[in-house]
Amino acid sequence: MDERVTTQDLAETVPVAVRDLTKVYGTVTAVNHITFSLKPRTTVALLGGNGAGKTTTIAMLLGLVVPTSGEVRVFGTDMARSRYQAAQRLNFQSPYVDLPMRLTVRQNLTVYAGLYGVANAEERIAFLAQDLQITALLDRATGKLSAGQKTRVGLAKALLNAPELLLLDEPTASLDPDTADWVRQKLKEYAQTRRAMILFASHNMAEVERLADRVILLDAGRILEDESPRALIKTYGRETLEEVFLDVVRGRARRERNEVPGAREAS
Amino acid sequence: MSSVSKTSGAVPVLLPPFGLGASLRRIGALVRRYMYLLRSSGIRLVELIYWPFLQMLTWGFLQKYLAGTTSPLVQAAGVLIGGVLLWDILFRSKIGFSTTFIEEMWSRNLGNLLTSPLHPFELVAALSVWSVTRLAVSMIPVAVAAYFIFGFNLLDLGAALVAFFVVLVLTSWSLGLLSAGVILRYGLGAEELAWSLAFILLPLSCVYYPVSVLPDWLRPISLALPPTHVFEGMRSILLHGVFDVNELWWALGLNAIYLTVGYLAFRWFLQSARVNGTLLQLGE
């Protein structure tokens, strides 16, 4: 699945278009000339080891980090210049960003409903609370919740505006397998019922296999692979995505297949 | 997600994200967040009043002691206690602005805020509104206590008090914007700046003594600071019963310049943080 992006794509023919995107911090190139796009109703995983550039890519999609070069357009908006045009149509969650600990869950969700312009905030919060099984937590201080509960509350915040594009950074990090599985199921349901796009960064192969229609495999800021999980496994002649990942990041596959790292993204 | 009718909350009803109404709504949401935070801790509420109350007591008793001496200046009026109360307006407003901003960083909430439809000017407006609210919570009980304990009535300053208040609060916002910008760019390591920046004004803006005390070379610097005109004006009213309106216009004009510079600096530091990737440390 080669998602090459043309100038025409950048003019909102595809909802998310990333072209030749590069981010350099001092002497470190975090993201190195990557190009991809997201089509409606797709769930895409950014897979890679630590320092592969997943988080920086997501931060540039959110408009939190300005690219060194290249372009990110979300719903036709240049996120480096005018992210506000698109901000109400997307949302994100990360285990590394918290909601204020002293506020109750209901207070936090009410504040964010105001920021995202949700007119029926009370009903929306009640609905999400029921759906994500946090009704009993609504009047508890957010800082007193367990990791699993915080993840569900963070997800409620991320779904308040029913975003067309949901960006997630390691959505099930530090969760027990049962809770992680539950969260994945909820994300899958959301993507289907809302017909939303989800782009998530993950180290978790099971999660990627379960959720993603497509995997963008990053290494040292470059896209090494951009395929469906099944196609990747088949291409590499492996049993699982984890084996493919290990092949790729350890360079074995590149040697066997005589490929040059980063050859794919030069589109 | 289970299918439920629109009125049940299954589908959010989204208001237009642009225009004055949308901005006011987002500012209101942030102010509500700060209100929730203050309500969540009785200790915070007490702390708001505790320090200015101690300050007022200390300087009030000093004033009382000096009133028994032969100095005609200190006998004339409550210039010291007046200086303390007005200085606290500036200092508490600045601290209110900065602390509220730093709170977002302490709670690792900034990433959520800055990816929402919130504009930087709305964040600044919410911080400004909240700094005045905190100031009222902090200073009104202390001013009332000053009246009952020392017989000093801040309202004796008359209409000038409103003008002084405006000038001092505007100056505090300029300082708050500058320190918030530096913290945005350089992280919580620069937090000390937020606490100490206002103190540079303490000797220079002549809180407790007239500008004439300063050496000649320092006077232009002092007069370039809006609070200097407030403290000179206060002394003029309390000692001579005269209020020089020109002092006020000078102060407001200077404030316009400092506020503009403060906001531009804040925006510059924010953009710089976006370029340097310091806004969101997501774990990599």
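In what order do the elements of chain B run from the N terminus on? They run α-α-α-α-α-α-α-α-α-α-α-α, and chain B accordingly has twelve helices and zero strands. Helices (H or I, at least four residues) and strands (E, at least two) are DSSP runs, numbered from the N terminus.

This is a predicted model, in which local features need pLDDT of at least 70, side-chain atom pairs count only at pLDDT 80 or more, and totals for chains, interfaces and linings use all residues. Residues are numbered from 1 along each chain as its sequence is written, while chains are lettered from A and ligands numbered from 1 in the order in which they are written.

**Chain B**

The C-alpha trace of chain B spans about 80 × 40 × 35 Å along its principal axes. Of the 284 residues in chain B, 43% are buried (20 or more other C-beta atoms within 10 Å of the residue's own; 12 or fewer make a residue exposed, and values in between partly exposed, with C-beta atoms placed from the backbone). Among contacts in chain B between residues at least 6 apart in sequence, 73% join residues at least 24 apart; a contact here means that two C-beta atoms, placed from the backbone, lie within 7 Å.

One residue to look up is I140(B), found in helix α6 (residues 120-150) of chain B. I140(B) counts as exposed because it has 12 C-beta neighbours inside 10 Å. From I140(B) to A198(B) there are 58 residues in sequence and 21 Å in space, C-alpha to C-alpha.

**Where the chains meet**

In the interface, 45 residues of chain A are in contact with 44 residues of chain B.

| Element of chain A | Residues |
|---|---|
| α1 | 54-62 |
| α3 | 105-116 |
| α4 | 121-131 |
| α6 | 177-194 |

The largest share of this side, six residues, comes from α3(A). The side of chain A that touches chain B divides into 26 nonpolar, twelve polar and seven charged residues. Ala, Val, Leu, Ile, Met, Phe, Trp, Tyr, Cys and Pro count as nonpolar, Asp, Glu, Lys and Arg as charged, and the others, Gly among them, as polar.

**The sheet of chain A**

Chain A holds an open sheet of six strands in the order β6-β7-β8-β3-β9-β10, with mixed pairing; strands pair if DSSP finds at least two bridges between them. Its edge strands are β6 (90-93) and β10 (222-227), each pairing on one side only. Strand β3 (residues 43-47) runs parallel to strand β8 (residues 197-202) of chain A, and five bridges join them. In this pair, L46(A) stands opposite A201(A) in β8(A).

Helix α5 (residues 147-159) of chain A lies across β6 and β7 (165-169), running at about 170 degrees to β6(A). Angles run from 0 to 180 degrees between N-to-C directions, and axes are lines fitted to C-alpha atoms, for helices over the stretch in contact. α9(A) packs on the sheet too, touching β3, β9 (214-219) and β10 of chain A, with its direction at about 30 degrees to that of β9(A).

**A helix pair**

α9 (residues 241-249) also meets α8 (residues 229-236) of chain A: their axes come within 9 Å and cross at roughly 60 degrees. α8(A) and α9(A) are therefore oblique to each other (under 35 degrees is roughly parallel, over 145 roughly antiparallel, 65 to 115 roughly perpendicular and the rest oblique). P229(A), L232(A), I233(A) and Y236(A) in α8(A) meet L241(A), V244(A) and D247(A) in α9(A). These contact residues divide into six nonpolar, no polar and one charged.
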